[in-house]
Amino acid sequence: MSKFTRRGLLKSSAVMGAGLAMPTLITSPVAAYTNEPTGGSVTLGFNVPQTGPYADEGSDELRAYKLAVEHLNGGGDGGMMNTFTSKALKGNGILGKKVEFVTGDTQTKSDAARASAKSMIEKDGAIMITGGSSSGVAVAVQGLCQEAGVIFMAGLTHSNDTTGKDKKANGFRHFFNGYMSGAALAPVLEKAYGKERRAYHLTADYTWGWTQQESIQAATEGVGWETVNNVLTPLATTDFSSYIAPVLNSGADVLVLNHYGGNMINSLTSAVQFGLRDKQVNGKNFEIVVPLYSELMAKGAGANIEGVFGSTNWSWTLGDEGTKAFVKSFGEKYGFPPSNAAQTVYAQTLLYADACERAGTFNPCGIVESLEGFEFDGLGNGPTLYRKEDHQCFKDVLVMKGKENPANEYDALEIVEVTPRAQVEYAPDHPMFAGGSLGKCNPGA
Amino acid sequence: MGILEVQNVNKSFGGLKALQNVNLDIEEGSIHAIIGPNGAGKSTLLNCFVGKLIPDTGTVMFDGHSLLGRKPHEINQIGVSRVFQTPEIFSDLSVFENVLIPCFAKRDGAFTLNALARVAGETDVREKAEQMLIDVSMQDKKDMTASSLSRGDKRRLEMAMCLSQDPKLLLLDEPTAGMARADTNNTIELLAQIQERRHITMAVIEHDMHVVFSLAQKISVLAQGTVIVEDLPENIKGHPKVQEAYLGVAT
Amino acid sequence: MDAILLQILNGLDKGSAYALIALGLTLIFGTLGVVNFAHGALFMLGSFCAVALSKIFNISKITIDPDKVDFLGNPLKVKTPYVIEWFGESTGAAIIDWSVPLAILFAIPVMLLVGYVMERGLIKHFYKRPHADQILVTFGLAIVIQEIIKAAFGANPIPTPAPDVFRGSYDFGVLLGMEANAVIYPFWRLIYFAFSTVIIASVFAFLQFTTFGMVVRAGMADRETVGLLGINIDKRFTFMFGIAAAVAGLAGVMYTPINSPNYHMGMDFLVLSFVVVVVGGMGSLPGAVLAGFLLGVLESFASMNEVKGFFEALYLPSIDQIIIYLVAIIILLARPRGLMGRAGVMEE
Amino acid sequence: MRHLSKSDKSTLIIVAALALLAPFILNPFPEGSALAQFNAGYPDLMQRFAIFGILAIGFNILFGLTGYLSFGHAAFLGVGSYSAVWMFKLLSMNIVPAIILSVIVAGVFSLLIGFICLRRSGIYFSILTLMFAQMSYSLAYSVLTPLTNGETGLQVYNDDPQYLMGPNSPTVTNLFGLEMRSTFTLDLGPWAFQFNFGYYVCAFFLLLAFYIAIRIFRSPFGLMLRAIKTNQTRLNYTGLNSRPYTLAAFVISGMYAGLAGGLMASMDPLAGAERMYWTASGEIVLMTILGGVGTLLGPVLGAGFIKYFENIFSKINETVLHGWFAFLPDGLNDAIVWVLHFFVGKGWHLTLGLLFMLIVIFLPGGLMEGWTRIRNKFRGGKDDGEAPSPTAATTPAE
């Protein structure tokens, strides 16, 4: 299968029309919007970390993207396209054009991510960019797409800012955020550990860490907990022992780890090594909470996560039809169940394609219009709304717990509660999301 | 009054007295050799001249300036140039560039932002550098990389670099160390020529008696940290104290 | 009081890791004069010796359990590690449980070999090259080693816990008559500290008291003279490269239970270990060890809430991010060649 | 121009021609073809070639001439970017004030850091610069977030003051109205050549930077810097204090880095803290050594080499590979793709690492030495002053 981009097709036909013998000068026709597809295919850009600490997460996202493209083009068993409430997608690509894709490496760095997104837009003619596994990257690429006039469907990004102060008209987030984690976790924590708790926060010292900590503190204080201390830890920390050591003497009886990825694995491992979970403080068992979980983090932390509460966007262990269909097609293709990062990017791809179909165009402004306020179901998260005001999806949030005796490495987390959507909703002008504005959709060109 | 005056210099390292009450007086325009057996304190004395070591007591005056504790570039700026035991040249640069650098330094003095804008090879400086190479008969090796020169040529180049700054005093630290006989003789000849032509004061610290007696107009003999004899070469030759210091004959 | 005691423990523990890595770096630099940017990768390789061994122990026989189903509804494949098959439930499980300590035995020959091959195959050709070239080639090598490990084991950290008996922590506070839980410290970290101390002491003893070591030390001070005595110093230096690799590897093996190893952990340590070496003074083994412990303790103290609070009051928040660098800069400005460096080493 | 020697003039002209024609040269493969993957002639990458070229040229003035190996140069790049973005936020999207400020700020910053670090030499200097850069990175990522916007990176928001913005001013980066992103596409047969205004702005600065570098290399100042590298003792005994010279070189190369940073922000108005991370500094060192330390053209080549790999090889995925070898029988196709996939896409680091090793082992003088060798083979060994510096080339690998 040789890679024929729509541009190549256009040009070869143009040349034939003009006669092959003479060298011909043709300037590009004026497009209505950036990278308007004119051939028989449409190119999507999958921008995920392929090197660096989140490379495995990136690989998992790529698997899901490939599966989505296969399904969109009518291959495989159709996955969640069959359970999706919108029936606009027909398995013949998008708007009759075959879906092709290009991939890039974000390296989990804003600069590299933008370079790779730019090359997809400028060189490969990508009409939509999606992916990412950190908020810094998501916000940076979202800004770029807004300027370039293409749609950005965010991958894994949990910071409030993505759809808060850094929201953009061309950007959409399916994944949940720090506020939702807090809102979902607090009641479960209250039920499990009681009202009389004193929390000690360790927080990664950068934007995501701060917003998450703020969200969790507000939510837990809302159910009566007290916050003893919040200690900021440098991003580059690998050994958290010196931050963990003073926790036990601080009078706190819960440790909240606002860390992600390698930071979280290391801080949790240290906390367990110090035997915090075997101790009694204030007459209660000492507990640890990790507000944001991912399957890969759970795998990296191993047995240390047993009994630790956290939240995720989705889990393959859910029982709804959409989830079942997705897990089946993913599992049969790759041999293991998908992660929640995989699910969110798969859903984002389908949502984008569906919006194009419903709008009848690839024009970003048309897509923005058809995604804004869009209500759907069947993509694994129950009834979901793409809110018009901030382009954030509202759906149920899962509260998870590390399993005591996992049957295998994919079974490390179990669902404690599916927090209903109503409980995690907030006003668009909530102070944690204040500042910034969507602006106007930009079709570029 | 000499151009370099050393008075009552003492220096000890821990218990070891490296220099004891050293007095020297080097006359302007002369070649003055300082000799002595190994461990006599020659290097220590030299290091006191160039500011690397500060004597415990005593003074080292050059042309009315104290040399004590000065940095190398300051010592050079008041007119002292130095030839090292192993030639210190810019071995990665060409022979011509090696000479060009001291010529520029002589003309422009210390760094100024102005230097940034200047262009290499301005004619007056180039001509001077060419002349310096002719003086040491190295004009044909102008474009060679300095590191590829023979030991003797490296020494010549170093001499040319020192001379291009028109120093008042040239310090020579074993200038023929490690040289073949032919190179040694060439170097002696070169030094003699320079002395004849330019009347530069030279202080030679040397091991090799052949060199010393062919060149020096005055010789100081250093032994166990003190100057035991200071005299004309012909008087040094058979001096019993010198023989004792070198041969270790007990008295 | 208890907080200070805790941070001293922490500092010594961290410091022992820094010291071990810096020791290896200095050994290579001191003997061979090579700046080895791949040293972090050797540390990482050591960790992955432990990971590999635990994976080997977990190689399983797969049987189909027709009564149960997996997540796709297919019959469940049950995995039984061969070691359990062969040695029975309890012995087999114990072997798997003890894979980290056992990996020490596995890592020593592996790392010696890696070190030997690296020196003979690559580093040897770079003795006379500029340090910049050495940095470039060893950095390239580090990337290659990393990427091979990434291709084989993935990018995600792999948990490799210590044996069960070493889990949990020891209550020092009770020992000192304080109340319970005042000063607790994990067993495995105590073992790591003890282990590092023993390794450091052995390296010094080896260099100090064996003839081999004395020749190496003499060679470090003056390579030419030792060569003139008719001793084949190169062979010994190759061996020292192997030793340095093994020291880095052992540091890595023992570190696995503290933090789940991943393929880029070497790079995380690299910058810091160079800072340690330079603060200690290029080429000085005692300097490297001293600086390792010093910076470790310092880092721990800087992360204390009281210290952070004090600096925040001075409008210097997040002092723990930069304290090591700040102190290192001050040391280098006050002492031109670090704590114990010799003149003329890598100053050109 | 009139001060340049003949060979320097021709080098400059060649570089100018290459820069001007880059959209053609970098796009040799027709668009539909399988090899189009290797085309590098799109605006973003061409801009990066020029920007990192400037950075490496500047670094080479310090490292190539004086031999002082700074491991913290990325800090100046970062500082330059931040200042440029602040100018966009405060004034307008015109790149002129942004670039001026970024050069000035980077110059002041490097004067400060250089003043302290240059008290030491050799590896002590390298580690000091490394530590300063790491501190800058850590602080920019966290504490200085109000100034740098931390993790996300500093960017321009709609509600920024932008005091010089008129009602009709462009909202994207521009040079007095000419937008950086405006691109003219020339379709010539199956080829599409993109001429981007931003790229030509970068190319202009590259040429300017290159010209200044030639002037510095050939000036007495440059000679003194080379003298510092080869023998500081002799230079001191020539009556010169080397510190002001090294400091001037450090500041100049810091300003080059600032210019690169300013341009980077001008092409893409976002400044991330990762720009200052030590690996970014390391990358600059690698570019310079890879291209050829102390040569004029080498650093530009090295910069292009690394950026090419980062942007082109990382985008080759298995689907693309399968496409290339589709003509082979299935089994063979899969086997080849399986082998190759370790080296491209997510494995591009591996290829880069292997190439570093190969080049430094077999071409001690970097790419420029390779070039000289090839040329000598054809021309029978004439050298016109662009050979790698002798230090780098004296000892072959074995």
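1. Two strands are said to pair if DSSP finds at least two bridges between them. By that rule β9(B) and β10(B) pair, with 5 bridges, and they run antiparallel. Within this pair, B:V221 has B:V229 in β10(B) as its bridge partner. The two strands form a hairpin with 2 residues between them, and B:Q224 in the turn has a positive phi of about 45 degrees. Helices (H or I, at least four residues) and strands (E, at least two) are DSSP runs, numbered from the N terminus.

2. This is a predicted model, in which local features need pLDDT of at least 70 and side-chain atom pairs count only at pLDDT 80 or more, while totals for chains, interfaces and linings use all residues. Residues are numbered from 1 along each chain as its sequence is written, and chains are lettered from A and ligands numbered from 1 in the order in which they are written.

3. Elsewhere in the chain B sheet, strand β7 (residues 169-173) and strand β8 (residues 201-206) run parallel and are joined by 5 bridges. B:D173 has B:I205 in β8(B) as its bridge partner.

4. Which chains share the most contacts? Of the 4 pairs of chains in contact, it is chains A and D. A contact means that the C-beta atoms of two residues, placed from the backbone, lie within 7 Å. Between these two chains, 43 residues of chain D are in contact with 52 residues of chain A. On the chain D side, α2, α5 (122-141), β4 (183-188) and α13 (318-324) each supply at least two residues. That side divides into 14 nonpolar, 19 polar and 10 charged residues. In this classing Ala, Val, Leu, Ile, Met, Phe, Trp, Tyr, Cys and Pro count as nonpolar, Asp, Glu, Lys and Arg as charged, and the others, Gly among them, as polar.

5. Chains C and D also touch, through 33 residues from chain C and 38 residues from chain D. In chain C, α5 (131-153), α11 (265-280) and α14 (319-334) each supply at least two residues of the side that touches chain D. Of that side, α5(C) gives the most, with 11 residues. By class it has 23 nonpolar, 4 polar and 6 charged residues.

6. Some chains do not meet. No contact joins chain A and chain B, whose closest C-alpha atoms lie 34 Å apart. Chain B and chain C likewise have no contact, with their closest C-alpha atoms 14 Å apart.

7. Chain A is assigned domain 1 (34-176 + 317-390) and domain 2 (179-312 + 413-424); the bounds come from an automatic or database domain assignment. The C-alpha centres of the two domains lie 30 Å apart. Between them, 14 residues of domain 1 are in contact with 16 residues of domain 2. On the domain 1 side, α2 (55-72) and α11 (340-359) of chain A give two or more residues.

8. Strand β17 (residues 397-402) of chain A is mostly covered, with 5 of its 6 residues buried. A residue is buried if 20 or more other C-beta atoms, placed from the backbone, lie within 10 Å of its own. β17(A) runs antiparallel to strand β13 (residues 309-312) of chain A, with 4 bridges, and antiparallel to strand β18 (residues 413-419) of chain A, with 6 bridges. A:V399 is the bridge partner of A:S311 and stands opposite A:E417 in β18(A).

9. Is D:L62 buried or exposed? D:L62 is buried, because 28 other C-beta atoms lie within 10 Å. D:L62 is placed in helix α2 (residues 43-66) of chain D. Not counting residues up to four places away in sequence, D:L62 touches D:Y68, D:S70, D:A249, D:F250 and D:S253.

Notes:
A residue is buried if 20 or more other C-beta atoms lie within 10 Å of its own, exposed if 12 or fewer, and partly exposed in between; C-beta atoms are placed from the backbone.
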